[in-house]
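Here is a short report on side-chain packing and charge pairing in a predicted model. Keep the coordinates open while reading.

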Amino acid sequence: GDGKADDTRAFQAALDAAANVNGTVFVPDGVYACSMLRTHDHIGLRGDPTWSYYRPGGAIVQLVDPDVPCLLDLQHCRGLRLNGLCLVGNNLGKATHGLWARDRQRECEDFPAIERCLIQKFSGDGIRLDGTWCFSLRGCAIGQNGGHGLRMTGADGYILDNWFSANGGAGISATEGTGSMTITANRIEWNHGGGLV
């Protein structure tokens, strides 16, 4: 957590251990330099959110590897809970996403929940959800990403009380295969590709 040592192996070991008991990994305040991390179904990853719009704070996980597709790989995201984290991309890579639910085989409602997170400065999308059913995104600030703030396909999403600002694409992009969304009380501003597309 000093911002210098590579914490990828320690983080991944904690996530893997949590999967054995459907547990939650608590991230103490600090700056954690990481490459791509793979999540599991029915686990949590939690920190104390002391960030502001301009400055990360609390538990900060920052990307140090420009050659990965994302920081958090949510291939296994059923019942996943992310809360109170700062995810910072450092503008590395060419299209590196912050969170990416990818390469998934849809079977039923997933219901990952992402709350009180700051997701910024990824060269790709802040959050990319491909084929995710029943997700919740609440109280997050998603901005200054090279792609969209949130790009999604899937259904039954709840997008509540977030801030989508200064992304290179749209604040929220749902241009294909998306339905049944509840989008309430979000601030969507200064996105170069439009607000809600």
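## Salt-bridge network

A network of salt bridges links Arg38, Asp73 and Arg102. The model is predicted.

Asp73 pairs with Arg38, and their closest N and O atoms are 4.0 Å apart. Asp73 sits in strand β7 and Arg38 in strand β4 (residues 37-38), so this bridge ties together parts that are 35 residues apart in sequence. Asp73 also pairs with Arg102, with the closest N and O atoms 3.1 Å apart. This pair too links distant parts of the chain: Arg102 is in the loop between β10 and β11 (113-115), Asp73 in strand β7, 29 residues apart.

How do the three residues stand in accessibility? Asp73 has a relative accessibility of 2%, so it counts as buried. Arg102 has 15% and also counts as buried, because the cut-off is under 20%. Arg38, at 45%, counts as partly exposed.

## Another charged pair

The whole structure holds four salt bridges. One of them joins Glu189 to Arg187, with the closest N and O atoms 2.9 Å apart. Glu189 is buried at 11% relative accessibility. Arg187 is partly exposed at 48%.

## Nonpolar cores

The largest nonpolar core has 42 residues. Leu45, Leu87, Leu99, Ile127, Leu137 and Leu150 touch the most other members. Several elements each supply at least two residues of this core: α1 (8-19), β3 (30-34), β6 (59-63), β7 (70-73), β9 (85-88), β10 (97-101), β13 (127-138) and β15 (150-160). Strand β13 gives the most, with four residues.

Which residues does Leu87 touch? Leaving aside residues up to four places away in sequence, Leu87 contacts Val61, Leu71, Leu72, Leu99, Leu118, Ile119, Gln120 and Phe122. Another core, of five residues, lies apart from the largest one. Its members include Ile60, Cys86, Val88 and Ala141.

## Nonpolar surface patch

In soluble globular proteins, nonpolar side chains tend to be buried together. Some nonpolar residues here lie on the surface instead. Ile183, Ile188 and Leu196 form a surface patch, with about 230 Å² of accessible area together.

Ile183 belongs to strand β18 (residues 178-184).

Conventions
Residues numbered from 1 in each chain as written. Predicted model: local features only at pLDDT ≥ 70, side-chain atom pairs only at ≥ 80, totals over all residues. Heavy atoms only, no water. Core = buried A, V, L, I, M, F, W, Y, C linked by side-chain atoms within 4.5 Å. Buried < 20%, exposed > 50% of the residue type's maximum accessible area, 1.4 Å probe, protein only. Contact = heavy atoms within 4.5 Å. Patch = residues over 30% accessible without salt bridge, like charges linked within 9 Å, V, L, I, M, F, W, Y side chains within 5 Å. Areas by Shrake-Rupley, 256 points an atom, 1.4 Å probe, with all protein chains shown as cover. Salt bridge = Lys/Arg side-chain N within 4 Å of Asp/Glu carboxyl O.
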